[in-house]
Amino acid sequence: MKKNEIQHVNSHNEWDPLEEVIVGTLDGATIPEWHIQLESTMPKKFWNFYKKNGGRPFPEEQIRAGKRDLNDFIKILESEGVTARRPDPIDFSRPISTPDWTARGGLYAAMPRDVLLVIGNEIIEAPMAWRSRYFESFAYRSLIKEYFKKGAGWTAVPKPQMNDSLYNYNYTEPKEEEKRYSITEFEPVFDAADFIKCGRDIFVQKSNCTNQFGIDWLERHLGNEYTIHVLEVSDTHPMHIDATFMPLAPGKLLINKERLKKIPGMFKNWDIFEAPPSCLPDSHCLYMTSKWINMNVLMLDEKRVMVEKSEERIIKSFKNWGFKPILCNFRNFNTFGGSFHCVTVDIRRRGELKSYF
């Protein structure tokens, strides 16, 4: 790259000044077909919902409400100087088929953080373990090709076969201190949202969608420039790290104390903030997540943080901790399993690769 040439893709951490993101869409959102992957991750109160409605669209009134939240969010991002790009529309209601299996349909392109891992100047397509998400990366392909033509790296991790050998069909819910997952080590799989960047150090949790094989693949691919740390997480339904562990700025870490029982020693000189309980009422529909979605925040820089407008406890905490909360209605979108971090993937932050430890 020539001196002073613009780096169109550049992301090394969670807090450098944010300039461009991809924001997901609820267009075509489809209820995934019931599978052992859902049993190991989804709230029990909605199991029958998935069993009865797999392959059908999510309720239209919920889609409309979620889209309103998304539109408000994008307006706020743009007012804060952030460019928001969108994926292409995909018909997720169409059946999916490979030589090994079939599924009634897909899911959505709502959570780019799950699908794409941006490390430095490279966009990595994650080999996700849900069959319903097999072709989800295609919604982002036109954007990825555009970034590639402007100089970005582009890697697609080997596409998993996802035959029955990948899944532990004898899975039963583990007790709090047990480690038991609904995926095996048959092939490398991971969701990008199980990784979080902190400069030259990258943190990951093993989960029901990220196995050790997937972690090993990424570690070898990235080489000696990065160190991957596997966190010890106490969660009976692990899936995605960003409602458990969130570096907010140099020296400042947000944690879910119910899940992260042991903080790595490398954070001994950091300020550790414990996320307060969510203000979400129990009656609020959350198809795919717990109420800890309140800590799924997006840093626009080292001070500005996107927070759900009704989460009064964590808003107060952020102010006390010296941050500047930027508020947005997002509860209707929370229904679909994510918040500000999940619904975006950083494309460009203004900063350089360095170590923070």
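Student: Which residue forms a salt bridge with E225, and how far apart are the closest N and O atoms?
Tutor: The partner is R200, with the closest N and O atoms 3.7 Å apart. Bear in mind that this is a predicted model.

Student: Why is that called a salt bridge?
Tutor: The cut-off is within 4 Å, from a side-chain nitrogen of Lys or Arg to a carboxyl oxygen of Asp or Glu. E225 and R200 come to 3.7 Å, so the pair qualifies. Side chains of opposite charge can pair when their charged atoms come close.

Student: What parts does this pair tie together?
Tutor: E225 is in the loop between α6 and β10, and R200 is in the loop between β8 and β9, so the pair ties together parts 25 residues apart in sequence.

Student: Why are E225 and R200 called partly exposed?
Tutor: Buried means under 20%, and exposed means over 50%. E225 has a relative accessible area of 44%. R200 has 31%. Both values fall in between, so both residues are partly exposed.

Student: How do you know that R350 and E19 meet in a salt bridge?
Tutor: Their N to O distance is 2.9 Å. The limit is 4 Å, so the pair counts. R350 follows β17 and E19 sits in strand β1, 331 residues apart.

Student: Is R350 buried or exposed?
Tutor: Exposed: its relative accessibility is 52%, and the cut-off is over 50%. E19, at 21%, is partly exposed, because buried would need a value under 20%.

Student: What makes R349 and D346 buried?
Tutor: R349 has 1% relative accessibility and D346 has 0%. Buried means under 20%, so both count. These two residues also form a salt bridge, with N and O atoms 2.8 Å apart.

Student: Which residues do salt bridges with shared partners join into one network?
Tutor: E19, E20, R85, E146, K150, R348 and R350. The structure holds 25 salt bridges.

Student: What volume does the largest pocket have, and which residues lie nearest its centre?
Tutor: About 520 Å³ of space lies in it. T41, H237, M288, T289 and S290 lie nearest its centre, among 23 lining residues. The lining divides into ten nonpolar, seven polar and six charged residues.

Student: What about the second largest pocket?
Tutor: Its volume is about 250 Å³. It is lined by 13 residues, with I90, D91, R94, I96 and F135 nearest its centre.

Conventions
Residues numbered from 1 in each chain as written. Predicted model: local features only at pLDDT ≥ 70, side-chain atom pairs only at ≥ 80, totals over all residues. Heavy atoms only, no water. Helix = DSSP H or I, 4+ residues; strand = E, 2+ residues; numbered from the N terminus. Buried < 20%, exposed > 50% of the residue type's maximum accessible area, 1.4 Å probe, protein only. 1 Å grid on protein atoms, 1.4 Å probe; cavity = no way out; pocket = protein on both sides within 12 Å on 5 of 7 lines; lining within 4 Å. Points joined across faces, edges and corners; volume = space filled by probe spheres on them. Nonpolar A, V, L, I, M, F, W, Y, C, P; charged D, E, K, R; others polar.
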